[in-house]
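This briefing sets out the main features of one structural model. The sequence and coordinates are shown first, and the notes follow by topic.

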Amino acid sequence: MPILARSSATAHGSNNSFSKLHIAVDDVSAGYNNLPTDREYVTCAWDDEVKAARFYTSSVMMFGSTASVNHSCRLPSLIERLGARLFGTLARAYVDDRVITDFVAAGDSAQQALAAIHRDIGIPLAACQHAGCSQCKRNPRPDPPPSMPKCKGRRPSQIQELLGVVCDVSQAHTGSVRYSPRPARCAKVLRELEAASKSTLSARQAERLCGKLQFICNSSIFGGVGRAQTLALHRRSQSRSMDGRTPCTSEAWTADLESARLFLEMILHRDRLPQRVVEFQESPPIIVYSDAEGCNFHIGLVAWDPWDPKRIHSANGQCPLWLREHARSLSPDVRNDDDGMINVVEMAGALALLTTFPDLLRGRRVFMYQDNSTAFHCAVTGNCHDAAVRDVGARFHLAAAGLGIGLWVEWVNTRAQLADAPSRIHEWKTHGGPGHEHETPFSNLITDIRPIVLPAEREWPDQLDFLDQMRDRA
Ligand SMILES: [Zn+2]
């Protein structure tokens, strides 16, 4: 029973360190068709060759129906339990994909055990089992024929592609796992965009590209990066103009689409694909607050690291005039309306947290509190109907990607907003008035004060330089 033996051998490792991991991948052959239905169903499909409707009966679950997915997901749950109970395997399934994590020391025994369960219940895996296949055989035949069958099995590896994302568990035994988008997939999206830029882009094409980008950019790799910059693609996929309201059926390549393409060329470049690092250790998140006041547009920041609990950092300063003028140039809503401007300045406050405290935040989990609902929404989704907020939000998500932080943004009631006090320090001082109601307790709380840092006016247009700066900034 080598498989059972390995569990105890690795669990009682000689040097108390965690054993090295690797991951194998398998796919179920013919997916949903393995599952019977309660009775025969009739489906109708249009046959394009004979130009007529055709009727089919089916006694298995079919592709394209939601019920098939729901029904199918019960099966991997059963197989997971069988594998865990009988063989101590740690396999998980995403619909019909099997992700089989195992100890390196256990070789491919977990993958073999899963394959055996699948064989015994009569639901085959899609691995080709060819004697010459290097993914199916431990010792493949040295002279495989020139044309091999397509194989969906993947032998265990410390760097494995899962669902279009590259997962690197080579450092898992030290407590961290890295994810990054697959370079070939990124290159394909860029090629498609370049081809479209030389002709046209239909709503359908845009929709397909958005689907791929969603997987590449948002599936826990970049967070919200690229949502603001690629809005033109989303609008095209919905056949709407940039305001999101007016219907637009044009397929022409526009300046907005071109700027989205240039942004993606930058962020999806092979040499600078960000990696998402997931740490296993119980490292507490840093708590940060930002707030702004709408009279002189001052920003206040607070940061507290539970690992250094006696220090509470704060920063304050005015949102630069050029940034407010830039916002007015971008957004008609903001042009003559201070209420609109406050949203931009609140978003600049959230950005300032990342650019002022990079030394505290880099590589950490971050809990961020925000009381302005427009800035909150933009910080979470990367998007906003207001172009000026979106413009600041784009830098916010670039900064988060550059620092490699795990970000969670939460809305907080203004009355519980710790950064309200530092955003009003200027007001207390200049007016010599009664001061902020929490001035004294706040002053007693803060141990470290620094000026706020925001990108300079000349740096603002160069998003690539900004991303690189955030990566390097100590
Ligand atoms: Zn194979």
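Strands β2 and β3 form a hairpin with four residues between them, and Lys51 in the turn has a positive phi of about 55 degrees. Helices (H or I, at least four residues) and strands (E, at least two) are DSSP runs, numbered from the N terminus. This is a predicted model, in which local features need pLDDT of at least 70 and side-chain atom pairs count only at pLDDT 80 or more, while totals for chains, interfaces and linings use all residues. Residues are numbered from 1 along each chain as its sequence is written.

**Confidence**

- The mean pLDDT of the chain is 85, and 91% of its residues reach 70 or more; pLDDT is the predictor's confidence in each residue, from 0 to 100.
- Confidence is lowest in helix α1 (residues 2-11), with a mean of 42, and highest in strand β11 (residues 286-292), with 95.
- Over residues 1-15 pLDDT stays under 50, and the model has 16 contacts beyond four places in sequence for them; two residues are in contact if their C-beta atoms, placed from the backbone, lie within 7 Å.
- Where pLDDT is low, the predicted coordinates should not be read in detail.

**Overall architecture**

- The secondary structure of the chain comes to 18 helices and 16 strands.
- Taken along the principal axes, the C-alpha atoms fill a box of roughly 85 × 70 × 45 Å.
- Of the 474 residues in the chain, 34% are buried; a residue is buried if 20 or more other C-beta atoms lie within 10 Å of its own, exposed if 12 or fewer, and partly exposed in between, with C-beta atoms placed from the backbone.
- Among contacts between residues at least 6 apart in sequence, 68% join residues at least 24 apart.

- Strand β2 (residues 36-47) and strand β3 (residues 52-60) pair in the antiparallel sense over eight bridges; two strands pair if DSSP finds at least two bridges between them.
- Within this pairing, Val42 has Thr57 in β3 as its bridge partner.
- The number of buried residues among the 12 of β2 is zero, so the strand lies largely in the open.

**Sheet β4-β5-β1-β6**

- Four strands form an open sheet in the order β4-β5-β1-β6, with antiparallel pairing.
- Strands β4 (90-94) and β6 (154-157) stand at the edges with a single partner strand each, so one side of each is left without a neighbour in the sheet.
- Neighbouring strands of this sheet are turned by 20 degrees against each other on average, direction ignored.
- Strand β1 (residues 21-27) pairs with strand β5 (residues 97-103) over seven bridges in the antiparallel sense, and the bridge partner of Leu21 in β5 is Phe103.
- Helix α4 (residues 109-120) packs on the sheet and touches β1, β4, β5 and β6, its direction making about 140 degrees with that of β5; axes are lines fitted to C-alpha atoms, for helices over the stretch in contact, and angles run from 0 to 180 degrees between N-to-C directions.

**Sheet β7-β8-β9-β10**

- A further open sheet of four strands has the order β7-β8-β9-β10, also with antiparallel pairing.
- Its edges are β7 (159-162) and β10 (276-279), each with a single partner strand, so one side of each is left without a neighbour in the sheet.
- The twist averages 25 degrees from one strand to the next.
- Strand β9 (residues 176-181) pairs with β10 over four bridges in the antiparallel sense, and Val177 stands opposite Val278 in β10.

**Nonpolar cores**

- The largest nonpolar core has 72 residues, and those with the most contacts inside it are Leu301, Met347, Ala348 and Leu351; such a core is a set of buried Ala, Val, Leu, Ile, Met, Phe, Trp, Tyr and Cys residues joined through C-beta atoms within 7 Å.
- Helix α11 (residues 338-356) gives the most to this core, with 11 residues.
- Domain 2 (181-272) and domain 3 (283-472) both give residues to this core, so it lies between them; the domain bounds come from an automatic or database domain assignment.
- A second, separate core of 18 residues includes Val25, Ala91, Ala113 and Leu114.

**Backbone in the loops**

- Ala30, in the loop between β1 and β2, has a positive phi of about 65 degrees although it is not a glycine.
- With 12 other C-beta atoms within 10 Å, Ala30 is exposed.
- Gln129, in the loop between α4 and β6, has a positive phi of about 65 degrees and is likewise not a glycine.
- Gln129 is partly exposed, with 15 other C-beta atoms within 10 Å.
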